[in-house]
Every structure is written in C-alpha cells, then in structure tokens.
Amino acid sequence: MRLINAKKFGQVIREYRIKQGATQIQLAAAANTGLRFISDLENGKPTVQLEKALHTAKILGIKLEIPDSGGEKQ
C-alpha cells in the first residue's frame, strides 16, 4: 500500500484499529496518548506528532518500511 498523505495514513490506522476490535479510547490508552490525538490521527490531521503517529502504528502492528534507494553506502 502506498501512503501518499496524512489522510490515507489515518485511514489505515482506523482500519487496523477496527479490525482489532479496539475503540479509540482503548488505542489511546495502549499508545499512551490522548483520545484527541487518535481522533486527529485517524482524521488525517497533517500536523500530528510524527513520533506518536509512528508509535501508534507500531502498537497496531503496522510495519512501515522505506525501500533502500541503492545510492547510500553504510
């Protein structure tokens, strides 16, 4: 799946939460955030905190990967 904007990311968060049978309140508690943050995230608010958004995705089991560009040497 290609995530092209905050709205699409929020839709994915909502879909995973619902599939797992969790409420927004339960997800907020599990991710140690507030209900307002979860609501903003699911509604695609572009200014939500990235660290919290990534942590919430991890709590739901969402794996985000960036493909290697092939140009960088480590």
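Reader: Hi! What should I know about the model and its numbering?
Author: Residues are numbered from 1 along each chain as its sequence is written, and side-chain values use heavy atoms, with hydrogens and water left out. The model is predicted, so local features need pLDDT of at least 70 and side-chain atom pairs count only at pLDDT 80 or more, while totals for chains, interfaces and linings use all residues.

Reader: Thanks! How many salt bridges are there?
Author: The count is four, taking a salt bridge as a side-chain nitrogen of Lys or Arg within 4 Å of a carboxyl oxygen of Asp or Glu.

Reader: Which residues are linked in a network?
Author: Arg14, Arg17 and Glu42. The Glu42 and Arg14 side chains meet at 3.3 Å, N to O, and those of Glu42 and Arg17 at 2.5 Å, N to O. Glu42 lies in helix H3 and Arg17 in helix H1, so that pair ties together parts 25 residues apart in sequence; helices here are DSSP runs of H or I, at least four residues, numbered from the N terminus.

Reader: Is Glu42 buried or exposed?
Author: Buried, with a relative accessible area of 2%. Buried means under 20%, exposed over 50% and partly exposed in between, with a 1.4 Å probe and protein chains only. Arg14 is partly exposed at 27%.

Reader: Switching topic: which residues lie nearest the centre of the largest pocket?
Author: Leu3, Phe9, Leu50, Leu54 and Leu64, out of 17 lining residues. A pocket is an open set of points on a 1 Å grid where a 1.4 Å probe fits, with protein on both sides within 12 Å along at least five of seven lines; lining residues have an atom within 4 Å of a point.

Terms used: Helix = DSSP H or I, 4+ residues; strand = E, 2+ residues; numbered from the N terminus.
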